[in-house]
Amino acid sequence: SYTDQANQDWGHHEITFGLTGHKGGWREAGTDWQAYRLNDPIRAFVTTPHAGKLGKQFSLLKVSNPRVRVFAVKKSEISDEMVLRLVELDGKPASDVRVSFAGPITAAREINAQELPVEGAPAVSLNGGAIVTSLKGYEPKTFAFKLGAASAAVPAVTSQPAALTYDTAIATNDDTQTPAGGFDGKGDAYPAEMLPTELAYEGVNFTLGKAATGTPNAVTAKGQSITLPAGKFNRVYVLAASSNGDQAAVLKVGNQTANLTVQDWGGFLGQWDTRLWKSQVPPVDWASSAHNQKWPPADLRAAERSEPSPRYPEDYTGLREGFIKPANVAWYSSHHHTATGLNQPYAYSYIFAYELDVPAGATTLTLPNNPNVRVLAVSTANVAPEVTPAVPLFDKLRNTSMPTAIEQASNQ
């Protein structure tokens, strides 16, 4: 009776598999590690030549037992600690497992998967700045820990916000009608109560304009030149987003040109191939429904009555190709405001960060001549030599082969 059970696997799939020969069982051969390496291969990064203190080889994390796997290393959700999660792989006890980091561990305690203390857990043993623990067969363990001082450090980022002359109001307060335009020219706008006046991104500090109904807090790009702050810097960062879809934009730092795609302020940042049907359920106006306290929304009730969910091959018309947008997100909100000031949930809004090299002697940033682009902040920064991935760190969806609707239906 669940509609998608009839067609949830229709569409484009990508499957990677490998074969490896070995003696003995999978535990002795470590074929599980071969699979982990296949799914999560080593990624190479490149940078410009520069002096370093760490030598030719350096490890952020070491585990003494190859049959103990690290599930996660992450920032704690509820404290200023880091979190380490381990599991034994073979179903056999593992004793005296030593876990060390690039810097010494100064404190550690056992927690559960919710990052809450484990009642009655013994004190965590620390030896030479490393955690020493034992695990039962297939047992997971989680630790919260703190690191001591690092043996080397990247120089701190220094930054200076640029002064902007705002000319467009792109945020509104709750329950306040947009006086004109908004972000997209249709009245939709950022939620003013969510936008900060100070924002940090990768160590670079930005000053944003005051967000309020009718108060300009962005620059509409019309080819203006912005004077960059005086001082020593090698990067300029631009916080921006666009209306009416992703927009091609040409910026200039001094006389150096950069071609960018400024991404749309809303929508999805990525999505797999989407199935298309002859009859489409109309979008639901969640904001009006929530405001009027009607549930389920009238347009959803009408859709359920008049639009039977398609489930047969003849209703299938094809796929809308998947996509991933690459720009870095500097700020995000779970909703935006409608022209009448209502919260439209599930209609995400973003600000993206764009980083540009600064040639020697450059004193100005020239914005693109594209009024669909909104610039919220600009900062210059002096940063360490850039480290970039040699291969993409995300799926670019370039292997998609889009079959016709007839081919797809006949294949089922």
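**Whole chain.** I noted at the start that this is a predicted model. I looked up the secondary structure and found 5 helices and 28 strands in the protein chain. Next I checked burial: of the 412 residues, 37% are buried. I then turned to contacts with a separation of 6 or more, and 76% of them join residues 24 or more positions apart.

I picked out an open sheet of 4 strands, and I read its order as E2-E5-E8-E7, with antiparallel pairing. At the edges I found strand E2 (61-63) and strand E7 (125-127), each pairing on one side only. From one strand to the next, the twist averages 30 degrees. How many bridges join E2 to strand E5? I found 3, and E5 covers residues 94-101 and runs antiparallel to E2. I also looked up the bridge partner of Lys 62, and it is Ser 100 in E5.

**The cavity.** My search for cavities of 30 Å³ or more gave a count of 1. The largest cavity holds about 40 Å³ of space. Which residues line it? I listed Val 238, Ala 240, Leu 251, Leu 260, Val 262, Tyr 354, Pro 368, Val 373 and Val 375. I then asked which strands supply at least two residues of this lining, and noted strand E17 (235-242), strand E19 (256-262) and strand E27 (369-382).

Conventions
Residues are numbered from 1 along each chain as its sequence is written. This is a predicted model: local features need pLDDT of at least 70, side-chain atom pairs count only at pLDDT 80 or more; totals for chains, interfaces and linings use all residues. Side-chain values use heavy atoms; hydrogens and water are left out. Two strands pair if DSSP finds at least two bridges between them. Axes are lines fitted to C-alpha atoms, for helices over the stretch in contact, and angles run from 0 to 180 degrees between N-to-C directions. Buried means under 20% relative accessible area, exposed over 50%, partly exposed in between (1.4 Å probe, protein chains only). Contact means heavy atoms within 4.5 Å. On a 1 Å grid over the protein atoms alone, a cavity is a set of points where a 1.4 Å probe fits but cannot get out, and a pocket is an open set with protein on both sides within 12 Å along at least five of seven lines; lining residues have an atom within 4 Å of a point. Grid points are joined across faces, edges and corners, and a volume is the space filled by probe spheres set on the points.
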